[in-house]
Amino acid sequence: MRSIWNGAISFGLVSIPVKLMNATENHSISFRQIHTADGGRIRYRKVCELEEKEVPPSEIGKGYEDADGSLIPITDEDLAVLPLPTAKTIEIVAFVPASAIDPLQMDAAYYLSANGVPATKPYTLLREALKRSQKVALAKFALRGRERLGMLRVVDDVIAMHGLLWPDEIRTPEGVAPETDVSVREAELDLADALMNTLGEVELSSLHDDYRAAMEQLITAKVEGGVLPEAAPAEGGGQVIDLMAALESSVRAAQEARGAGGAGGEVAEVTPIKGRKRAASAPKAAGAKKSTAAAAKKTAAKKTTSAKSTKSAAATKKTAAAKSTAAAKKSTPKKTTPRKHASA
């Protein structure tokens, strides 16, 4: 690795000569501006406004623009005499827990390498002290013309330094949070926890830049005259109507994905929520079944009632007929047969 800065780490009376190297690199694909008519390059040229001619880099310096628009030249000699103790020194000011650093402050990352054999012993001492204390070091350093804040921590067997933004450079999240008050139910939180547990963890080394891979495929196809990649189908981003149903579906989908991928670990279970209304399509089927059963019950009741009424009507008719017959028998006079005389 090529060093971009040479200096020393200073804490107390200990000084450790170190070299600073970039710990990250940018793999994003960059584009040039071209003239769409003929494909010619569009370049930016540094032109002096007074002479209206292009100026070479050797004649370009720094200047501060005042409030009235006038420019105040600032030379490298002016910057060199600034009373800045961190010009060539990473000055450690405190050791704090890592949780005390807001991730919003994180900036570029660097590796610190011991510069020479004499720096090996104090470098190792600081590294092991950071490991044992489980703390990070807050430091101030100057790089590229400005003083910065940094955090030193141990990565494997190397001391790494993260550039930090100054606290006043972090904007307050005013007006960002939702303004309307929303209440979240325990059942919804339980499903959200189940989804988080189902998704589980991931190896960061397995993640990659899909956009860059697709862009490289596109460039290769245009150069070689191959088939251009097809556009990915647009995902539906409609409004979530039933949050609980969406959470349950997400948990099931995550379980199926982990099952298909053969991922280990515990799989969260989805427990149906009692007393919760079903989805919009469910009540229709349930209602249809209920109405059918009710209709069947009503029909059966009607049949039973009509059968009972028929039986009772028949019994009533029989009783009435019997009574009328008896009455007729009573009212009808008996026929008298004349007795024959003995003489006859």
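Me: Which residues are exposed on the other side of H3?

Reply: Before answering, note that this is a predicted model, in which local features need pLDDT of at least 70, side-chain atom pairs count only at pLDDT 80 or more, and totals for chains, interfaces and linings use all residues. Residues are numbered from 1 along each chain as its sequence is written, and side-chain values use heavy atoms, with hydrogens and water left out. Helices (H or I, at least four residues) and strands (E, at least two) are DSSP runs, numbered from the N terminus. Exposed means over 50% relative accessible area, buried under 20%, and partly exposed in between (1.4 Å probe, protein chains only). On that side of H3, the exposed residues are Glu-186, Met-196 and Asn-197.

Me: Which residues of H3 are buried, and why do they lie on the same side?

Reply: An α-helix has 3.6 residues a turn, so residues three or four places apart point the same way. In H3 the buried set consists of Ala-187, Glu-188, Leu-191, Ala-194, Leu-195 and Thr-198. These residues span an arc of only 120 degrees around the axis, which places them on the same side of H3; the arc is taken from the directions from the helix axis to the C-beta atoms. Thr-198 counts as buried because its relative accessibility is 0%.

Me: What does the side chain of Thr-198 contact?

Reply: A polar contact is a pair of N or O atoms within 3.5 Å; within protein, one must be able to donate a hydrogen and the other to accept it, and residues adjacent in sequence count only if both atoms are side-chain atoms. Here a polar atom of the Thr-198 side chain lies 2.7 Å from the backbone oxygen of Ala-194.

Me: How does one judge the span of a helix, and what is found at the ends of H4?

Reply: The expected span is 1.5 Å times one less than the number of residues. H4 (residues 210-224) has 15 residues and reaches 21 Å from its first C-alpha to its last, close to the expected 21 Å. Just after H4, Gly-225 takes a positive phi of about 70 degrees.

Me: Which residues other than glycine have a positive phi, and where are they found?

Reply: Glu-52 has a positive phi of about 55 degrees and is found in the loop between strand E3 (47-48) and strand E4 (53-54). Gln-134, with a positive phi near 55 degrees, is in the loop between helix H2 (120-133) and strand E9 (135-143). Glu-52 counts as exposed at 67% relative accessibility, and Gln-134 counts as exposed at 69%.

Me: In what order do the strands close into a barrel?

Reply: Two strands pair if DSSP finds at least two bridges between them. In this model 7 strands form the barrel in the order E1-E2-E8-E11-E10-E9-E7, with mixed pairing. E1 and E2 run antiparallel, joined by 8 bridges; Asn-6 has Lys-19 of E2 as its bridge partner. Lys-19 in turn has Ser-113 of E8 as its bridge partner, and E2 and E8 pair in the antiparallel sense over 5 bridges. In the hairpin of E1 and E2, which has 2 residues between the strands, Gly-12 takes a positive phi near 65 degrees.
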